[in-house]
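Thank you all for coming. Please take a moment to look at the sequence and the structure before I start talking.

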Amino acid sequence: MTEQKCGVVAIIGAPNAGKSTLVNQLVGQKVAITSAKAQTTRARMMGIALAGDNGAGNGTENVQMILVDTPGIFEPKRRLDRAMVSAAWEGTDSADAVLLIVDPLKQRRHELIPLLEGLEKRPEKKILVLNKVDKAKKEPLLALAQEIGERIVFEEIYFISALTGDGVEEMKAALAGMMPEGPWMYPEDQVSDASERLLATEITREQLYQQLHDELPYDAAVRPESYEVRKDGSVEVRQQIVIARDSQKPIVLGKGGSRIKAIGEAARAELAEILGVKVHLFLHVKVSEGWSEDKEVFEEMGLDWVK
């Protein structure tokens with residue numbers, strides 16, 4: 001019997017670099033929400049991917065990789081920001097490999113420099129991943145890789161598209177080869193550490209961002225109220241959409257409640273597909289100016305309360 005391997009891969013990067021998209025691609029199904037809005041990921045979420053140490057997939061998976069999808073690392077201004085940045089760096093603790101994903105299209109040096117400074121003295125194996133090769137030009141891409149590589153020693157450098165999957169399988173196989181021998185931490189069919197209750201709130205939050213785009217500021221949250229399995233096997237979910245100002249309420253509700261209805265229908269359909277059962281989703285909007293200073297909300301998000 002092939003020896004089992006199990007290890008932790010922390011995925012870090014600036015906001016909107018493609019971390020959650022890459023985690024989903026490595027796992028082979030959706031476990032993390034994605035959005036064009038920066039800082040979508042707020043707490044550490046773990047995806048669980050299987051691979052063979054001599055190549056990904058092909059039915060001979062003996063390697064389990066715990067993928068820590070961290071919030072984007074940026075210059076924190078508020079308590080919520082500080083908690084998210086803290087969660088990102090904590091996600092790299094005890095990792096067997098740290099994967100730095102970079103968006104070459106933006107090349108925001110002020111976002112990249114703190115990441116490089118934080119990584120320089122870390123002992124873990126480091127992998128540099130330049131994302132969005134399906135859109136980036138080759139020459140600037142190679143120049144950026146050389147510039148970053150001159151500052152930090154990386155085990156490997158990969159050029160991928162997290163969205164299309166281009167180059168991901170090769171990188172996945174290399175990561176699998178870096179994992180230490182040891183028993184798997186999770187059952188073979190488990191793809192995430194998120195509870196169904198938390199997953200449900202994340203899916204609603206994703207729809208909130210996708211459908212409202214720039215209309216709704218970043219300071220919105222989805223809080224779980226109840227999650228119950230009915231006698232017929234269907235699931236009843238009640239959630240609260242928390243916004244900071246009264247002026248945002250008409251944006252979320254829409255004319256005659258049309259927007260919140262559309263958000264609920266899309267979230268319900270996706271959750272039902274993931275869970276494989278009928279879902280009854282009930283949403284309501286609450287204005288809470290100080291929600292981003294509420295310790296209970298932080299705990300629901302899986303974030304530490306930081307000063």
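Where in the protein is confidence lowest, and where is it highest? It is lowest in helix 2 (residues 79-90), at a mean of 51, and highest in strand 6 (residues 156-159), at 93; here confidence is pLDDT, given by the predictor for each residue from 0 to 100, while helices (H or I, at least four residues) and strands (E, at least two) are DSSP runs numbered from the N terminus. Over residues 35-43 the pLDDT is below 50, yet in the model this stretch has 44 contacts beyond near neighbours in sequence, a contact being heavy atoms within 4.5 Å. Where pLDDT is low, the predicted coordinates should not be read in detail. For the protein, the mean pLDDT is 78, and 74% of residues reach 70 or more.

This is a predicted model, so local features need pLDDT of at least 70 and side-chain atom pairs count only at 80 or more, whereas totals for chains, interfaces and linings use all residues. Residues are numbered from 1 along each chain as its sequence is written, and side-chain values use heavy atoms, with hydrogens and water left out.

Let us turn to Glu236, which lies in strand 8 (residues 235-243). Glu236 counts as buried because its relative accessibility is 14%, and buried means under 20% relative accessible area with a 1.4 Å probe, protein chains only. Leaving out residues up to four places away in sequence, Glu236 touches several residues, including Tyr227, His280 and Phe282.

Finally, Lys132, in the loop between strand 5 (125-130) and helix 4 (138-151), has a positive phi of about 65 degrees although it is not a glycine.

Technical notes:
Buried means under 20% relative accessible area, exposed over 50%, partly exposed in between (1.4 Å probe, protein chains only).
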